[in-house]
Every structure is written in structure tokens, then in C-alpha cells.
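Let's look at this model together, one question at a time. Each answer sets a value against the rule behind it.

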Amino acid sequence: MSVTDIQLQQDTAGHDDHHDDHEHAQSFVTKYIFSTDHKTIAKQFLITGIFWALLGGILSVIFRLQLGFPEMQLEWLRPFLGQWITPEGQLDQEFYLALVTMHGTIMVFFVLTAGLSGTFSNFLIPLQCGARDMASGFMNMLSYWFFFLSSVVMFVSMFIETGPASGGWTIYPPLSALPQAMSGSGLGMTLWLVSMALFIVSTLLGGINYITTVINLRTEGMSFSRLPLTIWAFFITAVLGLLSFPVLFSAALLLIFDRSLGTSFYLSDIYIAGEALPHLGGSPILFQHLFWFLGHPEVYIVILPALGITSEIISTNSRKPIFGYKAMIGSMLGIGFLSFIVWAHHMFITGMNPFLGSIFTILTLIIAVPSAIKAFNYITTLWKGNIIFTPAMLFSIGLVSFFISGGVTGLFLGNSVLDINLHDTYFVVAHFHLVMGSAAFFGMLAGVYHWFPKMFGRMMNDKLGKLHFWLSFVGIYMVFFPMHYIGIAGFPRRYYAFTSFDTFSGFADLNALVSIAAILTLGAQFIFLFNFFYSIFRGKLAPANPWKSNTLEWTTPRFPEHGNWPGAIPKVYRWAYDYSKPGAKDDFIPQTVPYSHTPESNLDHENEEAKNEDLTGVEKSE
Amino acid sequence: MLNLIIVVAVILVLAVLVTVFRVTNLVDVVKPKKDDADANVPSGNTAQGVLMVLFLVVGVIGFFYYSKTEFDTYNLPITSEHGHITERLFWITMVITVFVFIVTQIFLFGFSFKYRYKKENKAHFYPHNNKLEMIWTIVPAVVLAWLIISGLKEWSKITGPAPEGSEIVEVMGYQFAWAFRYPGKDGNLGDVDFRKIDAINQMGLDLSDRRGHDDFMPTQLVIPKGKPVLLKIRGRDVIHSVYNPHFRMQMNAVPGMPTQFWFVPTVSTAEMREQTGNPDFNYELVCNKICGKSHFGMKGIITVLEQDEYDSWYKEQQENTWLKQNPDYLAQVPNDLKEAAIIASGIEIIEDEVNSSAQGSSK
């Protein structure tokens with residue numbers, strides 16, 4: 001175990017529990033804008049993520065209005081959407097696709113990748129590992145500002161005359177490569193690619209930092225086998241990102257070449273807009289392979305941090321150790337590894353060699369096993385617990401529910417022969433919105449509710465949190481559960497309307513229900529927004545350890561300065577899950593308490609370890 | 001004016017909500033704490049557990065009720081041979097997943113309710129149980145292996161080579177419609193070249209290949225019942241997807257990479273009209289890969305005829321070869337094939353060669 005002590009100079013100057021902006025020489029700019037403090041950067045990611053989540057949600061409600069109420073007059077949206085509302089007061093057909101595309105891009109990348117990993121990896125890795133900051137605070141700052149830049153470019157792309165990228169978030173060429181094919185594939189697509197390139201830079205800068213910090217900057221005693229599952233999840237996520245995002249970058253690069261330099265990586269035999277294009281020999285399937293080589297790990301990049309957060313919260317609030325700590329790590333490692341070799345299950349019916357389809361079916365269904373283990377372990381953690389329903393706990397239970405509901409439908413879609421009929425229908429929409437979208441979103445919210453006291457030193461309102469949970473939970477099920485039926489009936493996704501087909505004349509009632517539920521769910525998020533911003537300034541001051549949790553972040557002061565701990569970094573003597581240990585006085589034993597202080601609750605091997613503990617710097621409790 | 005009223009109303013409602021929130025906050029502060037109340041447990045903990053069980057019960061009842069009453073709405077009749085097999089696997093998977101889904105949700109919400117905080121209780125320290133964990137690793141693995149194996153057999157059959165003597169039809173997707181081509185008398189589709197495409201030669205028939213001279217291109221996809229049909233699929237501009245939920249059939253149409261899908265239709269359009277009680281019923285060819293503005297309107301009609309009806313339809317159609325309908329394109333036929341082309345396509349009036357040589361090429 002390496003001992004790391006990167007005591008920062010400014011920590012030696014006055015470190016009391018009171019927060020005082022003027023005490024430090026930091027200006028507003030270095031403290032809140034170009035900050036290298038991981039906590040501030042985490043908050044920057046969070047608030048940017050919240051902005052994007054709100055925007056992504058609003059976009060989805062606009063296209064849900066179209067789907068649920070095709071005849072509705074949308075003239076009142078003209079002040080916001082301008083020319084995208086047709087003279088008849090309807091949503092423009094191409095803009096509908098732009099909405100769908102931007103909703104997907106925003107939610108997958110900007111909210112659930114940057115907003116989730118960016119916030120919680122940044123915030124928790126140093127705090128839970130026992131480090132003063134990230135390995136490179138400067139790179140960390142760059143990571144946020146590249147993300148910010150990327151956000152600006154993407155945001156700007158929504159306001160250009162030809163509209164933002166609109167070929168779906170998967171931007172399959174030739175559609176995305178040819179401005180003749182749709183107007184969104186013009187400047188909008190260029191901006192999309194630029195934005196994603198910047199985004200990838202941000203992700204890599206962040207990821208390198210997370211990995212380095214976890215490996216090198218753990219405090220004394222914090223072995224990998226004592227790391228909280230949150231950190232394990234963030235660590236594996238960062239590795240996945242580091243390995244897969246460069247592939248997306250290369251895919252995007254080749255697409256840029258095809259678009260602008262006349263190469264033919266993805267294009268061949270195309271006749272469009274009255275002319276045959278000179279491209280020969282390219283393959284659109286190549287892009288799909290490259291895209292999904294990122295795209296599939298990406299869904300785990302989205303869900304693993306959420307699962308990590310949930311592990312921590314469920315354990316804490318059940319007052320029980322997480323069940324099967326090692327199995328949880330093993331599952332995450334297994335999922336991480338397998339996530340790289342299942343990508344082509346998105347491509348069963350693209351014309352890819354059917355033999356590949358067989359291989360990917362096998363690999364895909366294998367990945368269901370570690371996912372199932374995780375779900376079972378969460379449920380067993382609840383068993384015989386003493387459960388406290390904090391809002392964070394509610395959202396975590398909600399996450400597990402979504403993860404199961406959305407996960408089981410993966411058995412249909414991952415089976416190539418069943419995918420023939422379900423591919424690209426609403427069944428897929430239901431599947432991934434539950435298992436990855438809503439589950440990860442709930443993980444993020446759970447994390448905000450749980451660590452808000454550490455982030456802002458104040459408590460969020462408990463009742464509003466619970467109201468927010470129930471409205472969101474019921475709302476999300478009402479949005480996505482009916483989509484299974486619509487999908488089994490064969491309704492294709494990314495359809496502006498179903499009026500052209502007699503086959504799809506039904507389900508107007510369900511579609512309307514889904515839309516109403518979507519509006520209510522979005523509405524419920526404003527309760528959260530109010531609670532969040534109100535509590536930052538007016539919430540009750542948080543106690544030191546509001547959830548009676550074991551992990552290191554709760555040993556910091558209420559308003560930790562840059563450097564996190566005023567004195568020496570605490571040492572770690574045990575794993576993070578000693579909740580309700582038989583014999584112990586309290587129902588939790590923080591990681592900083594040595595075994596030699598708790599002979600009453602030690603297990604045999606722990607008594608052995610107690611003999612060799614280095615207790616320098618630890619004051620005897622009680 | 002109405003807008004203004006709405007805005008004002010919204011603001012007022014929000015103001016009321018915020019006020020209510022602040023009042024409850026203040027009441028909370030002032031209200032004396034009960035002695036036995038546990039400071040760490042937020043009030044209403046039990047209520048949350050009850051709500052969870054309530055949600056579970058209402059959700060599960062709603063799920064089964066809707067699934068049963070609306071079965072015919074979401075479960076389209078199956079009209080292909082492989083459709084029956086995939087459907088069987090679909091419902092086997094459904095039974096397994098619904099079982100797992102219901103049981104795990106019952107445990108999840110049930111445990112949440114049952115083990116909700118009680119002051120006198122202490123959680124059971126239970127960090128792991130290797131035997132239990134082995135069981136729920138191995139059982140899903142075995143079930144999954146079984147599902148995979150039963151699926152793969154069918155997958156290789158469906159995606160394998162089409163049986164000898166299948167009806168071959170070419171389907172081409174383009175923004176935003178479908179085009180169909182039949183091999184004609186000789187039973188062979190002629191070569192195509194995207195550089196030959198123009199406003200009339202939509203499919204880019206390459207007239208230097210004699211096999212194409214008798215090809216015909218009707219506006220609908222017409223196929224026989226009870227006989228394997230092999231669709232040769234391609235995309236002209238962007239990726240499309242040939243999809244029909246009744247046949248449980250789908251394959252992407254990719255520019256530059258021809259794909260195919262074969263299946264055996266088992267119910268004719270006429271029979272479907274009778275069965276569904278809808279005299280206007282048609283099988284519809286659905287585009288199921290985002291392809292641009294009018295993606296949602298990219299429809300083709302598929303007509304399934306009885307074999308004898310199909311034969312007479314085919315006989316009739318093969319007189320209307322594409323070349324016969326567009327005799328100008330005879331100019332593109334190489335000189336040595338011209339005579340054969342005239343015969344194969346059934347052209348009656350021969351255009352003056354000198355006149356037609358000036359027009360017709362694609363660029």
C-alpha cells in the first residue's frame with residue numbers, strides 16, 4: 001500500500017469548520033470558475049448536467065406531444081421553435097427527428113455520462129479514497145472546460161437555420177454523411193461531430209484522472225479490497241471510457257473525412273438527389289461496428305456508476321453490509337469485460353454475417369448473468385435490514401426495480417432470432433429507457449440526495465424528495481411500460497406519426513397516456529429543481545454524518561476546503577460495510593476505526609489483523 | 001390575452017406552492033419533537049413501505065389485466081412459417097422473464113416493506129453466502145444457455161440460404177418509397193449499377209446484361225402463399241429497413257451492400273381480410289430505419305396471392321417488361337444484344353436507333 005500525503009500548503013492556514021470566502025486568497029474566478037478543486041468541478045458537472053437533463057426532458061415532451069396528440073395545435077410553441085412549427089401549427093417532420101436525435105445525444109452523453117460520472121467520480125473518488133484532490137487538478141479542470149465547450153457547440157447547433165443533427169443519436173451514415181439526405185446532416189451534423197470530439201477529449205482527461213487517482217492516491221490502509229463499491233464502479237467505468245471513446249473518435253473522424261474530404265469509408269453505390277455520388281467501396285456497416293464498439297460499453301459507462309452509487313446507498317440505509325461485496329466487484333469486472341464483445345447485438349438485422357449474429361447472441365446473453373447477480377445481491381441486501389427510506393434510498397430501490405424491468409427484456413432483444421421482429425420498435429425504446437436511461441437517471445438523483453449534505457453542507461427537504469420520487473417513479477413506469485405493448489405490435493421508433501400505416505392505427509390511447517405521463521414526470525422534476533437550489537442556500541445545516549455512513553467523506557468538515565481534510569488524511573482500517581455488526585455498540589463502524597478499538601465486534605481474522613495495526617495518529621474513540 | 005392569463009395563473013400557483021412549502025417548514029421547526037421519535041429516521045418511514053407494496057400490487061394487477069384484455073391488440077396474427085417458431089420462442093422467453101420479473105419485484109418491494117425501520121430491530125449482519133451466490137449464478141446461466149441454443153437453431157435456419165426454387169424478388173428502398181423488381185421469364189434478375197440510375201431507370205438496370213431485359217417492376221410487392229420468397233434487398237441512398245410485423249420479417253436495406261431475407265407467407269391477403277374482418281386489409285411494407293424527413297410515410301403494399309392467382313398475375317406482368325415500357329432505353333443495350341433484347345422484352349415498335357442514341361444515359 002502506498003502512503004500518499006500530498007498536503008497542500010493552503011491547508012495549513014486556518015482550518016476550522018466555518019466556511020469563509022474571504023479567508024483565502026482565492027478569487028471568485030479561481031474558486032468557482034477555473035477551479036482545480038475536485039469538489040467544485042463536480043458541482044460544475046452536476047449543474048451543467050442538470051441544465052442538459054432539463055433541456056433533454058423538455059425536448060422529449062415536445063415530441064411526445066406530437067406522438068400522443070398528433071392533431072394538437074402547437075402554434076403556442078412558435079415563440080420558442082419559430083420556423084420549426086409549420087404554418088398549419090404542426091411540428092415540422094424533420095425537426096421531429098432533430099428533437100429525437102438531440103434528446104438521445106443529450107441524455108446519453110451530456111447527462112448520463114458527463115453529468116453522472118463527471119459529478120460523482122469527481123466528487124467521491126478523492127473523498128472516499130482519502131485523497132486531497134485528483135491526481136491532476138489541472139487536467140480535471142480542463143476536463144470540465146472541454147465538456148463546457150462541447151456543450152456550447154452542441155447548444156449552438158440547435159439554433160442554426162438548417163437545424164441540429166437529426167439522423168438519430170447513432171448518426172448512421174449515409175444519412176448523417178449526406179446533407180442531401182436531410183437538412184440536419186449539413187452544418188448541424190458538423191457541429192455535432194465537433195462537439196463530440198471535444199466531449200471525448202473531456203471524457204479522456206477525466207478518465208485518466210479517475211484511474212490514476214484510484215490507483216495511486218488511496219490513503220493508508222485503503223486497499224482495493226476495502227474500496228467502497230462506488231469507487232470500484234467509477235474506476236471500471238473510467239477504464240471502459242478510456243478504451244472505448246477513442247474508437248468513437250476514430251469513427252467520427254472517418255465520418256468527417258467522408259463528409260468533407262471525399263473519402264469513401266462508409267459510402268458506396270449511392271444515388272441521391274438526382275445524382276450518383278462518386279463514392280465506391282465503403283461500407284455503412286463499418287461505421288456501425290465502430291460506433292457500437294463504443295456504444296455498447298457506453299451503456300455500461302452510464303449504468304455502472306449508478307449501480308455503484310446504489311450499492312453504497314442501499315447498504316447504508318438498510319443498515320447492512322452490501323451482500324456479496326466480492327461478487328459485486330466480480331460482476332462489474334465481468335460486465336466491463338463482456339461489454340466490449342457484445343456490440344454487434346445492435347446489428348443483428350443490418351445484413352451482417354448471420355454467423356456473427358450467433359456469436360454475439362451467445363456473448364450477449366452471458367452478460368445477463370453478472371447483471372442478474374447484481375440485482376439479486378441488492379435484493380438480498382434489503383433482506384432482514386432495518387430500512388430507512390431516505391429519498392436517496394427510495395431512488396436506489398427505484399433503480400433496482402427499473403434495472404430488473406428493463407433488464408429482462410434484454411433477453412428478447414439479445415436473442416438474434418427474436419430481435420428480427422423487435423429491432424427498432426418501441427420494445428427497444430422501452431428496454432433501454434428503463435434499464436439504462438431511467439435506472440441511471442435514478443442513480444444520479446439518488447447520488448444527489450445522498451451526497452448533497454457533503455456537497456453543499458446543507459440538507460435537502462425530505463418530504464419534497466419523497467414526493468419527487470413517487471411522481472417520477474410512477475410517471476416513468478407509466479411512460480415506458482406501455483411501450484412494450486406498442487413495440488410488440490411492431491410500432492417503429494423514430495416515426496413522426498403512425499397515420500400512414502393501417503397496421504399501426506391502434507394504440508392512440510396508450511400513446512396519449514404515455515405523453516401525459518411524460519409531461520407529469522417532467523413536471524415532477526421541477527420539485528427537485530426547487531428543492532435543490534433552495535436547499536443550497538436555505539436548507540438546514542447538515543450534521544457531520546447525516547446518514548450514519550462508514551465511508552471517509554463523512555469525516556471531513558461540513559464545508560471542506562480544497563484539500564478536504566484540515567489535518568492529516570485519515571487512515572483506513574476496515575472495509576466500508578461494517579453496518580449492524582454483531583456486538584458493536586452502534587449500527588455502523590466507520591472505516592477509520594481500527595479493529596483494535598472494536599474487540600467486541602471483531603471476527604476472528606479481524607482480531608488477527610488488529611495485532612498488526614499501525615495506530616499512529618488515531619485518537620482513541622470514546 | 002389568454003396566454004397572459006395562463007402565465008399569471010402559473011405564477012400564482014407556484015407562489016401558493018412555495019408558500020405552503022415554507023409554512024410546513026416553519027411548522028416543522030416549531031413543532032415539539034416526540035420523545036420516542038428516532039432522530040435519524042425521517043417521519044413517515046412506514047408510509048413509504050406501504051406505498052411500495054401498494055405500487056407493487058396495483059402495478060402487477062394492471063400489468064396482467066391489460067396484457068390479457070388487450071392481447072389481440074398488441075399480438076398481431078402471424079402469417080409466415082418462421083413466424084410461428086420465433087413466436088413460440090418469444091412466448092417461452094416471455095414466461096421466463098415475467099416469472100423472474102414478478103418474483104424479483106415482489107422481493108424488492110416486499111422486503112422494503114417488511115424490513116422497514118423499527119426501533120427495536122437490528123439489521124442482520126449478512127455479508128455473503130457463497131452457496132446462494134453460486135445458485136443464482138448457475139441457474140440463470142443454464143436457463144440462458146437453453147434459450148440461446150433454441151434461438152440459434154432457428155436463427156441459422158432463417159438466415160441460412162433460401163431453399164431451391166424460391167421466388168426471387170428484388171426490393172429497393174429509397175427516400176421515401178420502395179421499388180420492386182421481378183426476374184421475368186428467364187427467372188434471373190439482371191445486373192444493376194447505381195450509375196445508370198436516372199428519373200426513369202429508378203433501379204439502375206444495367207442494360208448491357210441480357211438477363212435484365214425481361215425484368216419487370218410492378219408498384220406492389222406481390223408474393224405467393226405457401227412458397228419460399230427470397231427478397232434481395234438493397235438501399236439506393238441511405239439505410240432503410242424492410243420490415244413487416246405480420247411476417248415477423250425484417251432486414252436492413254444498405255447502400256453498397258446487398259442483403260436478403262427469405263420467408264414463407266402462410267396467409268393470403270384475401271384470407272387476412274376475412275380473418276380480421278377488415279375488407280381493406282393490406283400487408284404493409286414498413287421502413288424501420290430512420291431515413292429522413294418522410295421516414296414515417298415510407299410504405300409499400302405487400303399482396304399475398306394463392307399460388308394459382310400468383311401464377312396468372314406473373315404471366316400477365318411478365319409481358320410488361322420494364323424495357324418494353326421504356327423503349328428509349330434500348331439505346332443503352334449493346335448492339336450485339338439488341339435483337340435479343342427486343343425479343344426478351346417484347347417490344348413491338350422499334351425506335352430509330354440514331355434518334356435514341358442521343359438520350360437515356362444516366363449522366
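**Questions and answers on chains A and B**

Q: Where is Phe176(B) placed?
A: Phe176(B) lies in the loop between β1 (167-174) and β2 (177-181) of chain B. Strands here are DSSP runs of E with at least two residues, helices are runs of H or I with at least four, and both are numbered from the N terminus. The model is predicted, so local features need pLDDT of at least 70 and side-chain atom pairs count only at pLDDT 80 or more, while totals for chains, interfaces and linings use all residues. Residues are numbered from 1 along each chain as its sequence is written, and chains are lettered from A and ligands numbered from 1 in the order in which they are written.

Q: What makes the peptide bond from Gln175(B) to Phe176(B) cis?
A: The omega of this bond is near -5°. Chain A has a cis bond too, from Pro173(A) to Pro174(A), with omega near 0°. Pro174(A) sits in the loop between α6 (137-157) and α7 (187-216) of chain A. Most peptide bonds are trans.

Q: Why is Arg494(A) called buried?
A: A residue is buried if 20 or more other C-beta atoms lie within 10 Å of its own, exposed if 12 or fewer, and partly exposed in between, with C-beta atoms placed from the backbone. Arg494(A) has 21 other C-beta atoms within 10 Å, so it counts as buried. Its phi is near 60°, a positive value in a residue other than glycine. This arginine belongs to the loop between α16 (462-488) and α17 (508-538) of chain A.

Q: Why does Arg248(B) count as buried?
A: Arg248(B) has 27 C-beta neighbours inside 10 Å, so it counts as buried. Its phi is positive, about 50°, although it is not a glycine. The loop that holds Arg248(B) runs between β5 (240-244) and β6 (249-253) of chain B.

Q: Why is chain A called as compact as a globular protein of its length?
A: Chain A has 18 helices and two strands. Its radius of gyration is 25 Å, close to the 25 Å that the globule rule gives for 622 residues, so chain A is as compact as a globular protein of that length. The radius is taken over C-alpha atoms, and the rule is 2.2 Å times the number of residues to the power 0.38. Of the 622 residues, 62% count as buried.

Q: Which residues of α11(A) and α12(A) meet?
A: Ser371(A), Ala375(A) and Tyr378(A) in α11(A) meet Val400(A), Phe403(A), Ile404(A) and Gly407(A) in α12(A). Two residues are in contact if their C-beta atoms, placed from the backbone, lie within 7 Å. By class, this contact has five nonpolar, two polar and no charged residues. Ala, Val, Leu, Ile, Met, Phe, Trp, Tyr, Cys and Pro count as nonpolar, Asp, Glu, Lys and Arg as charged, and the others, Gly among them, as polar.

Q: How many residues does each chain give to the contact between A and B?
A: Chain A gives 96 residues and chain B gives 91 residues. On the side of chain A that touches chain B, α11(A) gives the most, with 14 residues. That side of chain A has 56 nonpolar, 27 polar and 13 charged residues.
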